[in-house]
Amino acid sequence: MEQAQGTAGIAAKKLVVFDFDGTLVDSMPGIVATARRVMHAHGWDDESLGDMRRLVGPPFPQAFSMVYGLSAEEAQRVTEEYRAIYQNLGRDGWPLFDGVEDLLRDLKAAGKLLGTASSKRLFLLERGLSTNGVLDLFDCPMAKLADHGDSKEAALARVLNTLGVDASDAVMVGDRRYDAEAAATVGVECVGVLYAETAPRSELEEAGCAVIVDTVDELRRVLLG
């Protein structure tokens, strides 16, 4: 665990906001397998697709343009086909990381408010939390409300506004630079997690994470003290 000077107050913060993919749930295999299936149908072979883990983190449909250079129109079509498959994967497509459910319940028992700020569409986020049996633990589960004109930082700002919590009394937890950048935009500290192996430590360091942890147990110590 790496901890920057001045972050001892994280455990005292009132609100903990989690990213979803790669932070709460191990969804990478399901995302990659579904995206591969759809891209194959659009004529891409495995050599051209390369490391599809690059899709985990950026928002859809923009991720397909960022990683594979698809036009906005084709990226939207691919995303719609992807979601038609992905939404039916069930819990096996997005299982909680070991120890996360206990952590969430312990945070609630300690009096914390819990939220999410995800680049997923809200209906997929709520389905993911519900099928894992933890939706009721979140005071404000939030995600993108639209594919265009919305963002992770906007979702995070909605959590703060809905719960009436100042940015200085909240912390964001995420696995990619997009989480840290969204948090910085609204003035929230970010804890970076490495246990999903979706990003190198250097990405989270360069994005300005206040703390970087390797395991769920280390995350627990940061959030609960």
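Student: Which residues in α5 meet which residues in α10?

Tutor: This is a predicted model, in which local features need pLDDT of at least 70, side-chain atom pairs count only at pLDDT 80 or more, and totals for chains, interfaces and linings use all residues. Residues are numbered from 1 along each chain as its sequence is written, and side-chain values use heavy atoms, leaving out hydrogens and water. Contact means heavy atoms within 4.5 Å. On the α5 side stand Val-100, Asp-102, Leu-103, Asp-106 and Leu-107, and they meet Val-216, Leu-219, Arg-220, Leu-223 and Leu-224 in α10.

Student: At roughly what angle do the axes of α5 and α10 cross?

Tutor: Axes are lines fitted to C-alpha atoms, for helices over the stretch in contact, and angles run from 0 to 180 degrees between N-to-C directions. The two helices are roughly parallel (angles under 35 degrees). Helix α5 spans residues 100-109 and helix α10 residues 216-224; their axes come within 10 Å and cross at roughly 10°.

Student: Which residues have the most contacts inside the largest nonpolar core?

Tutor: A nonpolar core is a set of buried (under 20% relative accessible area, 1.4 Å probe, protein chains only) Ala, Val, Leu, Ile, Met, Phe, Trp, Tyr and Cys residues joined through side-chain atoms within 4.5 Å. The largest such core has 53 residues, and its largest share, six residues, comes from helix α1 (residues 28-41). Those with the most contacts inside this core are Phe-18, Leu-24, Phe-64, Leu-219 and Leu-223.

Student: What is the handedness of the crossing of α7 and α8?

Tutor: Helix α7 (residues 152-163) and helix α8 (residues 177-186) pack at about 50°, their axes 8 Å apart. The crossing of α7 and α8 is right-handed.

Note on methods
Helices (H or I, at least four residues) and strands (E, at least two) are DSSP runs, numbered from the N terminus. A crossing is left-handed if the near helix is turned anticlockwise from the far one by less than a right angle, and right-handed if clockwise. Buried means under 20% relative accessible area, exposed over 50%, partly exposed in between (1.4 Å probe, protein chains only). Angles under 35 degrees count as roughly parallel, over 145 as roughly antiparallel, 65 to 115 as roughly perpendicular and the rest as oblique.
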